[in-house]
Number of protein chains: 2
Amino acid sequence: MERIDQAARWLLERDNFLILTHRRPDGDATGCAIALCLGLRSLGKTARIWANPQFTPRYAPRLAGLTTDAPAEDDVIVAVDLASESLLPMGGESFAGKTQLCLDHHPSNTGYAVETLVQPECGGCGELIWDLLEAMGVDITPAMAEALYIAVSTDTGCFRFSNTTSRTFRTAAKAVEHGAAIAPINRVLFEVKTRGRLELEARVMANMEFYAGGKVAIGCLPQAWVEELQVTEDDLDSISGFPRTIDGVQVGVMIRDSEPGKAKLSLRTAQGYNASAYCARLGGGGHAAAAGAAVPGTLEDGKNAILQVLRDAHVI
Amino acid sequence: MERIDQAARWLLERDNFLILTHRRPDGDATGCAIALCLGLRSLGKTARIWANPQFTPRYAPRLAGLTTDAPAEDDVIVAVDLASESLLPMGGESFAGKTQLCLDHHPSNTGYAVETLVQPECGGCGELIWDLLEAMGVDITPAMAEALYIAVSTDTGCFRFSNTTSRTFRTAAKAVEHGAAIAPINRVLFEVKTRGRLELEARVMANMEFYAGGKVAIGCLPQAWVEELQVTEDDLDSISGFPRTIDGVQVGVMIRDSEPGKAKLSLRTAQGYNASAYCARLGGGGHAAAAGAAVPGTLEDGKNAILQVLRDAHVI
């Protein structure tokens, strides 16, 4: 499928939808699912979201009444923001081969569904869903607008990331015009951190090591601190990027020992540095600006391993 | 003046402009001045920005070639984002009574200029300037678009604050469409903090005191730390809001001893709490959500004073 209007017609011609999200669903996947479900229902159709066990508690009130863990045999399965069947949600592996329509914005989409509409130019998949709801003639309510505001704002780091486009901003503008109350959403999603998270960041910062005159920063996050401060994985969202938020840091490294006997490294790099290449030397991979690897041993072993790679690459 | 087109006509009929910004100019004032100056020049007019001594180094490259510290006698003085003559820039006090046009978005604008256009519905004054440039027929360049993106994004805390409107998002969308490269701007303005600032935050957090089950947080920022870590006032931007960014905190208090013998308190509160009323008890004032006060003595004296006020108000 090439165009929004084709997907709109496809949906209008069918009924009894089951909406799938991906493993570890983020704000974009969750917001898209909510808005699409509400939009289809507003047209008199039956639509439910598959109860992904990893939906975060934060979105529970918005999901109330929309989810099911008992899909019907003849459900029309629509996946949102789900690039590959390897990302099917936990417990939803049996949906493999059954997706009839996939609505996505990942260029890496594997084309696993019968019909696929991918718009990689979208900052958030919510931009596509907004235009789809409009194309279906849905009267967009504040609840739909807020769900899609959550989708596009979370996927672009509150409009900060490089995937933010004019369409992202225009979707946000329309969300506000359709009654989305964005200030409380912004506070929860982008301003507030838990006390545990902030105490953890304080400890990581106090122990941050700098090299090459501050161009390289290496932070360690011992699992013992995570447990002591009772910090959840939800609280730790995007902690990997923390060292790179320090002024002057071109190569930011965060190391965790969340799995025993293993040091997991996350790299974030500026232009001119290749995180993927450094991680490949340790058996990992990723993108030029963000990559990861795991080495056997302790946090200290992980630090020594990446220091050697950076020395070999003449970064330090 | 009531409308953008009136201001546009007024400017088109004149020449030789001197643009004024306010004391401690922020991204909105600076961005508006740059875009207006460039826009007027693109129409063949002479325009210069008065060289506010407090322009921050961050914006120096964008101001290069636009400023003057030697205004001419017959300059037409246009103020942007300048609500009152009490906010005239340092060294620019002699401009009092001389502003011919004021373009602003503060509802508190005192009407000190001969002509005034105030649009309080703007998140950033940059929204007004964008529409004004369009109304004057300016062909908006990437440099103008970036200046106005800086204006609206900084004044809304990167679209997080409650003053963000659909017009704010639409201005940002147009800025991108006119060639503004927003990703590097966002990184500098909203993602990166200096090492000193982060080390300071880590110390403040490690010493943060919580009351009323975490509803109240009080942080102290000793000047000795500021000096030891060589942190500038620029680095400390919006540090006052830090305690209120902790999950669950309804009343956030930051106390500084930047002036000897005095404890300066900044309060940030959630709905249902009145920062202004608490500060009034200590001789200060402000808004319901953000207020300040100063008490004689040490940081400890400041803390005891606000604790007493919060006890009296049954907050703790």
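Author: In this predicted model, the largest cavity is lined by residues of both chains: Leu198(A), Glu201(A), Ala202(A), Met205(A) and Phe242(A), together with Leu198(B), Glu201(B), Ala202(B), Met205(B) and Phe242(B). Two elements each give two or more residues to this lining, helix H8 (195–206) of chain A and helix H8 (195–206) of chain B. By class, eight of the lining residues are nonpolar and two are charged, with no polar residue present. The volume of the cavity is about 70 Å³, and a search of the whole structure finds one cavity of 30 Å³ or more.

The contacts between the chains may be described next. Chain B places 36 residues in contact with 36 residues of chain A. The area buried between the two chains is about 3300 Å², and carbon and sulfur atoms give 62% of that area. Of the area that chain B buries against chain A, Arg160(B), Phe169(B) and Arg170(B) supply 20%, more than any other three residues.

Arg170(B) also forms a salt bridge with Glu177(A), in which the closest N and O atoms are 2.9 Å apart. The count between chain B and chain A is four salt bridges, and 16 residue pairs are in polar contact across the interface. On the side of chain B that touches chain A, helix H6 (166–177), helix H7 (182–191) and H8 each supply at least two residues. H6(B) gives the most, with eight residues. By class, this side of chain B comprises 18 nonpolar, seven polar and eleven charged residues.

Terms used:
Residues are numbered from 1 along each chain as its sequence is written. Chains are lettered from A and ligands numbered from 1 in the order in which they are written. This is a predicted model: local features need pLDDT of at least 70, side-chain atom pairs count only at pLDDT 80 or more; totals for chains, interfaces and linings use all residues. Side-chain values use heavy atoms; hydrogens and water are left out. On a 1 Å grid over the protein atoms alone, a cavity is a set of points where a 1.4 Å probe fits but cannot get out, and a pocket is an open set with protein on both sides within 12 Å along at least five of seven lines; lining residues have an atom within 4 Å of a point. Grid points are joined across faces, edges and corners, and a volume is the space filled by probe spheres set on the points. Helices (H or I, at least four residues) and strands (E, at least two) are DSSP runs, numbered from the N terminus. Ala, Val, Leu, Ile, Met, Phe, Trp, Tyr, Cys and Pro count as nonpolar, Asp, Glu, Lys and Arg as charged, and the others, Gly among them, as polar. Contact means heavy atoms within 4.5 Å. Buried area is the accessible area (1.4 Å probe) that two parts lose on being put together, summed over both. A salt bridge is a side-chain nitrogen of Lys or Arg within 4 Å of a carboxyl oxygen of Asp or Glu. A polar contact is a pair of N or O atoms within 3.5 Å; within protein, one must be able to donate a hydrogen and the other to accept it, and residues adjacent in sequence count only if both atoms are side-chain atoms.
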